[in-house]
Amino acid sequence: ATITILFRDYQLIIGSVMRLMFFLSGAVMDVTAHPDSLLTKALKLNPIVYVIEGFRDAFLSREWFFQDVWWSLYFWGVTLLVLGIGAMLHLQFKDRFMDYL
């Protein structure tokens with residue numbers, strides 16, 4: 001929300017990036033089909049893959065979503081990093097919001 005006020009086109013960029021991340025997350029294709037592939041390793045950097053694979057594992061009874069500890073730590077690490085950066089930016093610019101509007 002803070003970046004949207006500072007940079008007006010940010011909302012359009014986020015919409016496009018989120019749509020791209022959705023299609024590269026495994027919702028359309030299985031990104032874990034070839035685990036040793038370089039493309040698979042690159043696509044697993046997308047934190048949304050953790051959520052999609054968790055649902056797929058839960059509904060297809062393959063394994064529990066929290067059995068892969070490192071993938072869980074990576075997902076929550078990225079989530080907390082984005083939350084921390086957002087909170088830091090909000091606190092930094094909260095006094096000047098009215099000037100930008």
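## Basis

The model is predicted, with local features requiring pLDDT of at least 70 and side-chain atom pairs counting only at pLDDT 80 or more, while totals for chains, interfaces and linings use all residues. Residues are numbered from 1 along each chain as its sequence is written, and side-chain values use heavy atoms, with hydrogens and water left out.

## Domains

## Interface between the domains

Contact (heavy atoms within 4.5 Å) links 14 residues of domain 1 with 13 residues of domain 2. Between them the two domains bury about 1,200 Å², with 71% of it on carbon and sulfur atoms. Buried area is the accessible area (1.4 Å probe) that two parts lose on being put together, summed over both. On the domain 1 side, Thr2, Leu6 and Tyr50 lose the most area to domain 2, and together they account for 42% of what that side buries.

Two residue pairs are in polar contact across the interface, both at pLDDT 80 or more. A polar contact is a pair of N or O atoms within 3.5 Å; within protein, one must be able to donate a hydrogen and the other to accept it, and residues adjacent in sequence count only if both atoms are side-chain atoms. Helix H1 (2-6) and helix H4 (48-60) are the elements that give two or more residues to the side of domain 1 that touches domain 2. Helices here are DSSP runs (H or I, at least four residues), numbered from the N terminus. The residues of that side divide into 10 nonpolar, one polar and three charged, where Ala, Val, Leu, Ile, Met, Phe, Trp, Tyr, Cys and Pro count as nonpolar, Asp, Glu, Lys and Arg as charged, and the others, Gly among them, as polar.

The number of salt bridges between domain 1 and domain 2 is zero, and the whole structure holds one. In this salt bridge (a side-chain nitrogen of Lys or Arg within 4 Å of a carboxyl oxygen of Asp or Glu), the side chains of Arg56 and Glu53 meet at 2.8 Å, N to O. Arg56 and Glu53 are separated by about one helical turn because they lie three residues apart in helix H4.
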